[in-house]
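This report is meant for a reader who has not seen this structure before. Please look over the sequence and the model first, then read on.

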Amino acid sequence: TLHRLTPPTIIGGVKGLSDRALATFAKRSHLANPVVGGGQASAAKAPSEVVAGGNVGFAISYGDIPLYSVGTAAAVCDDTVVAYGHPDYFEPYQRTMHTATAIGVEKSTFGSFKLANLGPAVGSVTHDGLDAVIGTVGEQPVGTEVVTSTTGARPRTSTTRVLEPEAVGYVAAVQTARDIVLAFDSDRGGEALSTFTIDYVADGQPGQIQRTNRFSTSSYLSSAVPNEVAQAIYLLQEQEFKDLTITKVSVDTTTSPTYRALKIGSLKVRTANQWVDVKPGKAIKVAKGKYFRVKAALDPAKGAKSSVTPTSVEYRIKASSSRGNGFLRFSGSGYDDDYYDDEYYEDEEDYYYEDEDEFSTFADVLAYIKSSPRNDDVAATWDRSTALVSKTTQKLFRQDAVVLGYGSVRLSIR
């Protein structure tokens with residue numbers, strides 16, 4: 001009995017990344033988890049045109065991280081290619097059409113499929129229907145260029161052209177993660193200083209946003225660094241204030257194999273010319289209308305005692321002139337699997353898309369992406385309330401290592 005080959009989406013160029021990491025990136029980008037296999041798109045030894053009965057590929061992205069399917073061209077008429085005899089995605093995704101060279105047939109539990117190397121792009125998909133995928137030779141979608149440059153034992157620069165906007169965040173995350181693994185020549189912990197730059201066109205006007213952040217984990221650094229650029233891409237694409245197209249994404253990452261992290265330790269309040277230790281559940285009295293100081297110790301995190309030096313941050317605050325209550329919280333934005341409980345980010349999707357409904361303007365979206373606390377910031381958030389007013393202010397204290405944990409103190413203004 002002959003069985004039709006069903007082409008899954010194949011991802012290439014991801015040697016070193018775990019299936020779990022790829023599945024997480026796919027979930028966060030609302031994409032079906034692709035099958036790992038194949039290599040980079042290449043014109044080497046590939047046919048120059050699609051022929052009837054030959055192989056044809058349709059790519060959501062091509063380059064260092066190709067996402068594609070490969071099947072058979074059933075018929076070719078002038079510049080029109082009729083392929084597969086069934087849908088690919090059955091979605092109007094933007095894709096390029098490629099020649100392809102089959103290297104074998106892979107058997108799997110969901111059906112056999114061709115393993116193949118993509119050749120050069122020769123056209124684009126014009127229809128993905130129930131009975132066939134239709135491609136047209138010639139014009140191709142421009143898409144988004146994703147470029148990652150990563151230092152390490154094996155520094156590298158990778159480039160992928162992404163045709164479908166929904167896949168830009170996924171490819172940026174996977175390529176960043178893959179390059180960190182290859183730069184280290186292992187999937188390990190360490191530290192990274194990473195800067196992403198996103199070029200876009202919003203309502204016809206070009207724009208650019210850039211952000212730098214520090215990451216440090218005791219294991220699997222490659223899973224931590226890519227999240228931020230992927231989230232920024234998602235927020236820009238999903239905002240409804242402007243018609244926006246992302247034209248280029250660049251991620252520059254400097255890595256080190258050393259895990260460096262501080263954790264927030266004990267708190268002290270200086271009032272009435274003396275330092276008072278903060279005790280859980282106990283409010284400390286401060287004089288209304290007077291300045292007082294709060295000091296938070298920053299101690300080396302577990303596993304980082306030899307790489308960071310203990311320090312502290314001190315916040316000088318003026319109490320309100322009226323009686324009331326206050327709450328001061330010092331928090332680190334860093335995250336490490338070995339420090340927090342597993343339940344802290346139990347729902348990864350909620351973590352990934354938090355705050356997306358809190359924006360009122362496009363400027364709010366840009367400000368959130370650019371100005372959110374970094375992982376090496378201590379965020380001191382001061383909430384105070386009187387009979388007439390409630391206010392919240394925040395001050396950031398930049399450190400030279402990521403900061404974990406939090407500490408707080410209740411204050412009674414009298």
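**Helix H2 and its partner**

The model is a predicted one. Helix H2 covers residues 168-184, 17 residues in total. From its first C-alpha to its last, H2 reaches 24 Å, close to the 24 Å expected at 1.5 Å a residue. H2 is mostly covered, with 16 of its 17 residues buried. Asp185 follows H2 and has a positive phi, near 65°.

H2 packs against helix H4, which spans residues 226-238. The axes of H2 and H4 are 8 Å apart and meet at an angle of about 170°. Because angles over 145 degrees count as roughly antiparallel, H2 is described as roughly antiparallel to H4. On the H2 side, the contact is made by Val168, Gly169, Ala172, Ala173, Thr176 and Ala177. H4 contributes Pro226, Ala230, Ile233 and Gln237. Of the residues in the contact of H2 with H4, seven are nonpolar, three are polar and none is charged. As background to such a pattern of positions, an α-helix has 3.6 residues a turn, so residues three or four places apart point the same way.

**The five-stranded sheet**

Five strands form an open sheet in the order S16-S23-S19-S20-S21, and their pairing is mixed. Strand S16 (283-286) and strand S21 (390-398) stand at the edges. Each of S16 and S21 has a single partner strand, so one side of each is left without a neighbour in the sheet. From one strand to the next, the twist averages 25°.

Within the sheet, strand S19 (residues 324-332) pairs with strand S23 (residues 406-413) in the antiparallel sense, over eight bridges. Phe330 stands opposite Gly407 in S23. In general, strands of a sheet pair through backbone hydrogen bonds, either parallel or antiparallel.

Technical notes: Residues are numbered from 1 along each chain as its sequence is written. This is a predicted model: local features need pLDDT of at least 70, side-chain atom pairs count only at pLDDT 80 or more; totals for chains, interfaces and linings use all residues. Side-chain values use heavy atoms; hydrogens and water are left out. Helices (H or I, at least four residues) and strands (E, at least two) are DSSP runs, numbered from the N terminus. The expected span of a helix is 1.5 Å times one less than its number of residues. Buried means under 20% relative accessible area, exposed over 50%, partly exposed in between (1.4 Å probe, protein chains only). Two strands pair if DSSP finds at least two bridges between them. Axes are lines fitted to C-alpha atoms, for helices over the stretch in contact, and angles run from 0 to 180 degrees between N-to-C directions. Angles under 35 degrees count as roughly parallel, over 145 as roughly antiparallel, 65 to 115 as roughly perpendicular and the rest as oblique. Contact means heavy atoms within 4.5 Å. Ala, Val, Leu, Ile, Met, Phe, Trp, Tyr, Cys and Pro count as nonpolar, Asp, Glu, Lys and Arg as charged, and the others, Gly among them, as polar.
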